[in-house]
Each structure stands twice: as structure tokens, then as C-alpha cells.
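Thanks for making time for this; I would like to walk you through one model, starting with a few backbone details and then moving to the sheets and the core.

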Amino acid sequence: MLPISNEFAANTINDNLFIYTIPAFTATGLVVHGFTTRSGGVSTGSYESLNLGLHVGDEEDAVLKNRRILCRALGIKFEHIVAGQQVHGDNVKIVTKQHLGCGSKSLADALPAVDALITNSAGIPLTSYYADCVPLFFLDPLNKAVGLAHAGWKGTVKKIGSKTVRCMKAKFGSRPEELLVGIGPSIGPCCYAVDSKVIDQVAESFPGFWKELVKDCGGGQWMLNLWEANRRALLDEGVLESNITVAKLCTSCNKEDFFSYRASGGCTGRMASIIMLKKIES
Ligand SMILES: [Zn+2]
């Protein structure tokens with residue numbers, strides 16, 4: 001039984017392949033999108049079974065098979081998917097047709113030093129890979145533009161979500177108050193223990209309200225709420241509260257259903273976020 005989110009929809013593709021979607025995104029009719037779970041693929045051992053990450057020590061053949069399984073289910077061409085190398089930075093890449101397929105079959109040609117991808121071209125499937133870090137989804141239904149951003153604690157304190165909004169504004173004319181945003185399954189405030197070095201940077205990035213994002217457990221240990229940190233940063237950027245959908249699903253609490261770096265001790269697979277503007281016949 002898949003964990004239920006009150007905000008994200010859980011879609012059963014077949015017996016063991018499930019994809020979470022954001023109802024507000026689906027309602028626009030403009031995109032194919034989703035976030036995977038760990039089931040429905042062919043990988044084994046620590047990577048069982050739908051590991052979509054090429055960089056985690058799994059057999060490459062299995063990962064490529066898994067990517068094909070996902071793409072077939074979504075009606076997307078596997079050869080077209082675009083991925084960044086994800087270095088816990090805050091670079092936002094504007095993806096165009098010339099990047100089609102970059103990172104689809106190999107990490108070597110993934111877009112270098114990139115943690116966020118945006119595009120206003122239809123037919124380009126953007127992807128990003130996760131085991132605990134926060135997946136951010138963006139859709140501008142007016143200007144028809146989309147984005148994904150990978151926000152671990154480093155991306156969160158660098159406010160990669162806000163930066164993605166600013167880039168969509170600069171490049172596509174997106175207005176923050178019209179953007180739809182999804183915050184996907186990732187490690188929750190229930191499980192994300194960090195030390196004071198991390199908390200110092202949270203305090204520096206969110207001086208007005210950092211105490212609302214953390215819980216002091218004593219002994220130099222803190223619990224950090226990455227969902228709320230990202231949500232508050234987006235609100236500060238002008239995104240409307242009613243346009244942000246938060247899955248509130250913890251990958252570490254639900255390690256049977258999700259890959260969790262923390263819950264697995266480090267050796268595990270990756271789920272994917274994916275979004276593509278549909279080609280609409282006019
Ligand atoms: Zn948890």
C-alpha cells in the first residue's frame with residue numbers, strides 16, 4: 001500500500017509501478033509530470049527496484065531499463081530525457097532542443113554543474129534524481145514554461161527554488177504569483193537530523209524565521225524542516241500560498257516505498273522527478 005499524500009495524487013500505472021502527480025499541474029492539461037517510487041523496476045539489492053540514478057553504483061543496464069520502463073509508462077521518448085549532473089549547487093540551466101537527450105544514457109553528457117532545469121519548449125522531458133533531497137516542480141501555465149530544482153540542505157540554504165523562479169521570470173516572463181509549484185516526497189522534519197554547522201547556514205539564509213524551521217534536540221542535534229524552508233523561500237519570492245502543493249511524504253519514514261539515503265546508510269537508488277510540456281496542436 002503506497003503512502004497517501006493529502007496533496008499529491010498517487011497513480012497506479014500497473015501492478016507495481018506508481019507515480020505521484022500534482023493535481024494542480026494535471027488540471028492545466030499542459031504537462032506530463034510525476035515523481036516515482038522505488039517499485040516497478042529491474043534493479044536488485046540496495047537498488048531494488050526502480051533505481052533511476054546512473055551515479056550510485058548500480059548496473060548501468062538495469063538503470064537504463066528502468067528509465068525505459070518509466071518513459072514508456074508516461075509516453076515519453078527515453079532518448080529525449082535531459083538531466084543535470086546535480087552537484088548540490090544553485091545553477092539553473094535553460095534547456096532547449098539542442099540539449100535533448102543530454103544525460104539520458106550516461107552521466108558523462110548530463111548538463112554539468114546543474115541542479116535546476118527550466119524550459120519553455122514543448123517535448124523536452126526534464127528529469128532530476130532523488131533519495132531524500134527535496135524535489136521542486138514549477139509550472140507557468142500562462143507562459144507555458146516548466147522547471148525542476150533539486151534542493152538538498154545546501155540547495156535549500158542557497159535558495160535554489162527562489163533562483164529558479166527568478167530565472168523563469170527573466171527568461172520566460174513568468175510572474176511568481178501565477179506559478180504553480182510542487183514540493184515532492186523527501187526527508188521530513190520527523191527524520192532529518194543535522195548538526196549545528198548546517199543550522200548556522202540555515203540561520204544565515206533565513207534570518208527572520210529560521211527558528212520556525214528547526215527543532216533543537218539538545219547535544220548539538222537539530223531537526224530541520226526542508227519542506228517548510230523551501231515553501232517559505234518561495235513565498236518570499238512572490239509565489240502564492242494557494243499555488244504551492246506540498247506532498248508531506250517522508251522518504252525516510254517510508255523506506256519500503258522510497259529510496260532514502262539516510263535510512264539506507266548511504267547505498268541506495270534514486271527516484272526521479274520528471275516534467276515535460278506537451279505539444280499542443282493549435
Ligand atoms: Zn520521517
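**Backbone, sheets and core**

Let me begin with aspartate 132, which counts as buried because it has 26 C-beta neighbours inside 10 Å; a residue is called buried if 20 or more other C-beta atoms lie within 10 Å of its own, exposed if 12 or fewer, and partly exposed in between, with C-beta atoms placed from the backbone. Please keep in mind that this is a predicted model, in which local features need pLDDT of at least 70 and side-chain atom pairs count only at pLDDT 80 or more, while totals for chains, interfaces and linings use all residues. Residues are numbered from 1 along each chain as its sequence is written.

Aspartate 132 sits in the loop between strand 7 (126-130) and strand 8, and its phi is near 105 degrees, a positive value in a residue other than glycine. Helices (H or I, at least four residues) and strands (E, at least two) are DSSP runs, numbered from the N terminus. Lysine 144, in the loop between strand 8 and strand 9 (145-151), likewise has a positive phi, of about 55 degrees, without being a glycine; with 19 other C-beta atoms within 10 Å, however, lysine 144 is partly exposed. The peptide bond from glutamate 48 to serine 49 is cis, with omega near -10 degrees, and serine 49 belongs to the loop between strand 3 and helix 2 (60-74). As background, most residues other than glycine have a negative phi, and most peptide bonds are trans.

Turning to the sheets, two strands are taken as paired if DSSP finds at least two bridges between them. Six strands make up an open sheet with mixed pairing, in the order 1-2-3-15-7-4, and its edge strands, each pairing on one side only, are strand 1 (9-12) and strand 4 (82-83). Within this part of the model, strand 2 (residues 18-21) and strand 3 (residues 31-36) run antiparallel and are joined by two bridges, with tyrosine 20 opposite phenylalanine 35 in strand 3.

Another open sheet has three strands in the order 11-13-12, with antiparallel pairing. Strand 11 (193-195) and strand 12 (214-218) have a single partner strand each, so one side of each is left without a neighbour in the sheet. Neighbouring strands here are turned by 40 degrees against each other on average, direction ignored; axes are lines fitted to C-alpha atoms, for helices over the stretch in contact, and angles run from 0 to 180 degrees between N-to-C directions. Helix 5 (residues 196-205) packs on this sheet, touching strand 11, strand 12 and strand 13, and its direction makes about 85 degrees with that of strand 11, where contact means that the C-beta atoms of two residues, placed from the backbone, lie within 7 Å.

Which way do the residues of strand 10 (residues 180-183) point? Leu180 and Gly182 point one way and Val181 and Ile183 the other, and all are buried. Valine 181 is the bridge partner of phenylalanine 138 and also stands opposite isoleucine 244 in strand 14.

Finally, the largest nonpolar core has 80 residues, and Val181 and Leu136 are among those with the most contacts inside it; such a core is a set of buried Ala, Val, Leu, Ile, Met, Phe, Trp, Tyr and Cys residues joined through C-beta atoms within 7 Å. Strand 15 (residues 271-277) gives the largest share of this core, six residues. Not counting residues up to four places away in sequence, the contacts of leucine 136 include Leu148, Val181 and Ile183.
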